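Subject: Handover of a structure for your review

Dear colleague,

Please find below the structure that I am passing on to you. My findings follow directly after it.

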Amino acid sequence: IGRLLVLDSFAQSISEFELFRGDRIPAFAVTIVAIYLAAFLYRRNAALASAWERDLGHGLIVSANVLTLWILTAEVFSFYEHRAQESAFSQPQEAAKNAQLSAITTMWATYAIGLVAIAYARSAPALRWLAIGLSTLVTAKFVLYDTFAIGTTRSSDIFGANFYFASGVGVFALLVFAVIMTARYRHQLLPGERHLYSVLVVAAGLVGVWTLSSEVISFFGNQANLSANQVDRNNAFNLQVSAVSVLWAVYAAIAIGIAYIRRIVALRAFALGLIGLVAAKFVLYDTGAISRPDSSILLAANFYFASAVAVFATLMFAVFMTDRHRDQRLPQEARLYNGLVVLANAVAIWGLSVESWRFFTGLEAGGNGDLDSAKHLTLTILWTIYAIGLITLGVLRRSRTLRLAGIGLILLPIAKLRRLPAGTGLPRRGVRVAGCHPPCPWPRLPEVQRSLPRILHGRTR
């Protein structure tokens with residue numbers, strides 16, 4: 001084994017290489033067969049083994065699998081290295097390098113799937129540990145190395161038709177298969193493997209969203225590079241940012257749906273974390289990153305509003321699933337429903353406010369004059385209507401959270417009205433109101449506070 005790994009693996013010339021036809025293949029094959037034969041004999045005659053030979057059969061099986069994986073990796077590496085050297089142009093060389101990395105990752109994932117199946121079917125802890133180690137290695141390679149090592153040259157303009165996406169599908173399939181097998185044979189897990197199922201669930205979710213996000217960024221980035229003018233490049237970038245937000249929102253909705261239906265606590269935690277991440281991305285990044293499209297100034301006809309709708313829909317779906325499956329909530333999730341309700345309404349009012357502001361900004365850019373007063377007045381009306389709707393819905397649904405959210409929101413237009421004359425061009429002392437002689441000043445906040453109890457109890461008009 002040592003001679004094969006140290007000497008024979010590098011003895012073959014790459015320039016004379018053909019896949020699985022080299023001189024080193026027979027030596028590796030005979031050695032692997034001999035190791036498996038020795039392992040079989042040790043397991044069959046375990047009663048004759050001494051104390052220090054008790055686990056030798058497992059060690060031989062692990063050695064045989066490591067040696068098999070080593071020769072397969074060396075063969076694939078050498079094959080694509082030969083193809084890269086034969087390419088006379090830089091682009092075919094980069095494509096051969098990308099195919100090399102993708103082929104190795106996919107091969108490791110396929111081999112790990114076989115190990116997982118055999119380990120659980122034969123109740124072999126040693127093979128299971130080997131499969132877990134290989135799964136960890138291939139996942140780390142894909143996320144930390146393949147993402148940055150595979151070049152930007154796409155083999156096809158079709159979404160998903162490239163080497164990186166193929167590697168991601170292979171790794172994701174491996175982790176999902178490991179999750180299914182671990183759940184089915186949970187009784188085989190040792191005390192130190194209690195959290196293996198949860199770790200695999202989270203890892204599968206992360207690899208899935210990482211793969212899709214990288215493919216979306218690569219796909220629309222390629223579209224932006226192929227654009228002929230700056231307007232098309234800006235629209236491609238806007239679509240890229242919006243598509244990532246929509247993707248995360250849809251992925252989180254699917255994950256939280258499966259988590260509640262299948263009662264998977266780890267998947268629910270992952271989905272809630274992704275929901276918080278996409279909400280933060282939408283508010284903190286998309287608002288400034290997505291520029292106003294020059295092709296349209298129609299209200300809500302842009303990528304930013306599409307992101308807002310997707311994030312809000314995901315949050316409302318999470319609210320619905322959390323309320324419907326309230327029996328699954330853990331003690332530390334007692335305030336989860338209220339938090340999701342508040343977050344959903346915060347995203348909704350933020351998206352509507354930014355969209356209305358961007359709409360009037362677009363009208364100003366189109367030569368319609370100064371619309372600063374219209375911007376502020378629209379925000380005030382929008383917040384007031386939304387707050388009244390929240391309070392009404394809270395009363396009808398007997399929801400204290402909605403009522404408090406509406407009361408908190410209605411304070412915003414009140415506070416805004418007190419500061420409205422500063423930037424809108426309206427008179428500082430008052431505004432004209434029908435039936436009121438100018439100036440008709442706005443009521444001061446202390447006067448409102450003193451009048452509110454009388455209004456609520458019907459003692460004043």
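Leu 41 belongs to helix α2, which spans residues 24–44. The model is a predicted one, and the values that follow were computed from it. Together with Leu 37 and Phe 40, Leu 41 makes up a nonpolar patch on the surface. The accessible area of these three residues together is about 300 Å².

Gln 93 is found in helix α4, which covers residues 90–121. Its relative accessible area is 33%, so Gln 93 is partly exposed. Between the C-alpha atoms of Gln 93 and Glu 81 there are 9.1 Å in space, while the two residues are 12 apart in sequence. Ile 410 sits in helix α13, residues 400–419. Ile 410 also counts as partly exposed, because its relative accessibility is 24%.

I turn next to the packing of helices. Two packed helices are described by the angle between their axes and the distance between the axes. For helix α5 (residues 125–149) and helix α7 (residues 196–226), the angle is about 25 degrees and the axes are 12 Å apart. The two helices are therefore roughly parallel, since an angle under 35 degrees is counted in that way. The crossing in which α5 passes α7 is left-handed.

How are α8 and α9 packed, in terms of angle and distance between axes? Their angle is about 160 degrees, and their axes lie 8 Å apart. This makes α8 roughly antiparallel to α9, because the cut-off for that description is an angle over 145 degrees. The crossing of α8 and α9 is left-handed.

The last topic is charge pairing. Side chains of opposite charge can pair when their charged atoms come close. Across the whole structure, 6 salt bridges were found. Three of them are set out here.

One of the salt bridges joins the side chains of Arg 263 and Asp 327, at 3.3 Å from N to O. This pair connects distant parts of the chain, 64 residues apart: Arg 263 is in the loop between α8 (230–262) and α9 (265–289), and Asp 327 is in the loop between α10 (303–324) and α11 (336–365). Both Arg 263 and Asp 327 are exposed.

Another salt bridge is formed by the side chains of Arg 268 and Glu 333, with an N to O distance of 3.1 Å. Because Arg 268 is in helix α9 and Glu 333 is in the loop between α10 and α11, this pair ties together parts that are 65 residues apart in sequence. Are these two residues buried or exposed? Arg 268 counts as buried, since its relative accessibility is 1%. Glu 333 is likewise buried, at 13% relative accessibility. Residues under 20% fall in that class.

A further salt bridge links the side chains of Arg 326 and Asp 323, at 2.7 Å from N to O. Arg 326 is partly exposed, with 46% relative accessibility. Asp 323 is partly exposed as well, at 24% relative accessibility.

Yours sincerely

Notes:
Residues numbered from 1 in each chain as written. Predicted model: local features only at pLDDT ≥ 70, side-chain atom pairs only at ≥ 80, totals over all residues. Heavy atoms only, no water. Patch = residues over 30% accessible without salt bridge, like charges linked within 9 Å, V, L, I, M, F, W, Y side chains within 5 Å. Areas by Shrake-Rupley, 256 points an atom, 1.4 Å probe, with all protein chains shown as cover. Salt bridge = Lys/Arg side-chain N within 4 Å of Asp/Glu carboxyl O. Helix = DSSP H or I, 4+ residues; strand = E, 2+ residues; numbered from the N terminus. Axes fitted to C-alpha atoms, helices over the stretch in contact; angles between N-to-C directions. Parallel < 35°, antiparallel > 145°, perpendicular 65-115°, else oblique. Left-handed = near helix turned anticlockwise from the far one by under 90°. Buried < 20%, exposed > 50% of the residue type's maximum accessible area, 1.4 Å probe, protein only.
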